[in-house]
Amino acid sequence: MPEGHTIHALAGRLEAAFAGTPVRFSSPQGRFAESASVLDGARVESAEAHGKHLAIHVEGERVVHVHLGLFGRFGVRRHRRVDRGEAPTDLPLTGQVRMRMVNRTHVGDLRGPIVCELVGLEEWQEVEAGLGADPLRGERLPQEVLDRIGRSRRAIGAVLMDQSLVAGVGNVYRAELLHRHEIDPHTPARDVPTRLVHEVWDDLVRLMPLGVRTGRILVSDGDVGRAEALLADGGTGRVRPRYAVYRRHGKPCPRCGETVVKEAMAGRNLFWCPGCQV
Ligand SMILES: [Zn+2]
């Protein structure tokens, strides 16, 4: 599943491509056809992400709310008919496109989302109200979230994936952050010292924007340093990530040598080291 940094990067691409322009909306596959016809020709105002949820704001306080789920894809690219002066309606199409957006310069094709719905601004705000703190939106961990984590008996590994508490963190960041801070994923959240919760949060605030910029989940100090140096040189910063535990089950932990294990937690595979995450 795309993690929050992917959706934030997508929102940035959508905004750069469509904000401030009239957009032809359609639903070649048909399941969004009614809403697309309502929106067709309207001006897109902005796009934003909250956790793994995406909102495309359209004039008239209307919002296209999208969640990609496990298999959704939203491709945005320049099309080759930029010289016509208006949005072309005959661009080639492949696969099952739920929603297509086209303006003079760009085309966006949304395929296979678990959510693609037209809602009013208030409904979108209700969705947002149910989402937790997003490291990519705020600098400080809200006290309310801290309090809820401090009361929870659930495993910290499950709490980190609870989108109503912390929005946007997925499987890779969960595994690597817990390893970085030597936290046993099974520890009840309320037994994790507040200082440590803050440290994990601060790491997410620091690391996830690098994920947005590079399209890579970079967590090790070496990877982060190399990516930042490449970015400073005007590059993409796309270094090949090296993980300590993620998908490294059966291999030795780079910190303590114990064998990394895999198990299911909160519906997803969890990777961790029983040697040093205690
Ligand atoms: Zn270890």
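Me: A cavity is a set of points where a 1.4 Å probe fits but cannot get out. Which residues line the largest cavity in this predicted model?

Reply: The lining of the largest cavity consists of Leu141, Ile149, Ile156, Leu160, Val166, Leu178, Ile183, Val192, Val197, Val200, Trp201 and Leu204. Each of them counts as lining because it has an atom within 4 Å of a point of the cavity. Helix α7 gives the most to this lining, with four residues. The space in the largest cavity is about 110 Å³, and a search of the whole structure finds one cavity of 30 Å³ or more.

Me: What makes a pocket something other than a cavity, and how much space lies in the largest pocket?

Reply: A pocket is an open set of points, whereas from a cavity the probe cannot get out. About 630 Å³ of space lies in the largest pocket. It is lined by 30 residues, and Met1, Pro2, Glu3, His5 and Thr6 are the closest to its centre. Helix α1 (4-18) gives the most to the lining, with six residues; β6 (73-78), α6, α7 and β11 each supply at least two.

Me: Why is α6 described as largely enclosed by the rest of the structure?

Reply: Nine of the 10 residues of α6 are buried, so the helix is largely enclosed. To be buried, a residue must have under 20% relative accessible area. Among the buried residues of α6 are Tyr173, Leu177 and Leu178. Their cover includes α1, α5, α7, β10 and β11. Just after the helix, Glu182 takes a positive phi of about 55°.

Me: What makes a set of residues a nonpolar core, and which residues have the most contacts inside the largest one?

Reply: The members must be buried, be of the nonpolar kinds or Tyr or Cys, and be joined through side-chain atoms within 4.5 Å. The largest core has 42 residues, and Tyr173, Leu177, Ile183 and Leu204 have the most contacts inside it. At least two residues each come from α4 (143-151), α5 (156-159), α6 (171-180), α7 (194-214) and α8. Helix α7 gives the most to this core, with eight residues. Another core lies apart from it and has 27 residues, among them Ala47, Met99, Met101 and Cys116.

Me: Why is the site of the zinc ion called tetrahedral?

Reply: Four donors count as tetrahedral if all angles lie between 85 and 135 degrees. The angles among the four donor atoms of the zinc ion are 95 to 117°, and therefore the site is tetrahedral. The donors are the SG atoms of Cys253, Cys256, Cys273 and Cys276, at 2.2 to 2.4 Å. Their spacing in sequence is C-x2-C-x16-C-x2-C. Cys253, in the loop between α8 (221-232) and β10 (261-265), and Cys273, in the segment after β11 (268-272), link distant parts of the chain, 20 residues apart.

Me: How do you know whether Cys253 and Cys273 are buried or exposed?

Reply: The cut-off for a buried residue is under 20%. Cys253 has a relative accessible area of 4%, and is therefore buried. Cys273 is at 0%, so Cys273 counts as buried.

Me: How is Glu45 classed: buried, exposed or partly exposed?

Reply: The relative accessibility of Glu45 is 41%, which means that Glu45 counts as partly exposed. That class lies between the 20% and 50% cut-offs. Glu45 belongs to strand β3 (residues 43-50). Leaving aside residues up to four places away in sequence, Glu45 touches Ala19, Gly20, His57, Val58 and Glu59.

How values were computed
Residues are numbered from 1 along each chain as its sequence is written. This is a predicted model: local features need pLDDT of at least 70, side-chain atom pairs count only at pLDDT 80 or more; totals for chains, interfaces and linings use all residues. Side-chain values use heavy atoms; hydrogens and water are left out. Buried means under 20% relative accessible area, exposed over 50%, partly exposed in between (1.4 Å probe, protein chains only). Contact means heavy atoms within 4.5 Å. Donors are N, O and S atoms within 2.8 Å of the metal (3.2 Å for Na, K and Ca); water is not among the atoms, so sites may look incomplete. Four donors count as tetrahedral if all angles lie between 85 and 135 degrees; four count as square planar and six as octahedral if opposite donors are over 155 degrees apart and all others between 65 and 115; anything else is irregular. On a 1 Å grid over the protein atoms alone, a cavity is a set of points where a 1.4 Å probe fits but cannot get out, and a pocket is an open set with protein on both sides within 12 Å along at least five of seven lines; lining residues have an atom within 4 Å of a point. Grid points are joined across faces, edges and corners, and a volume is the space filled by probe spheres set on the points.
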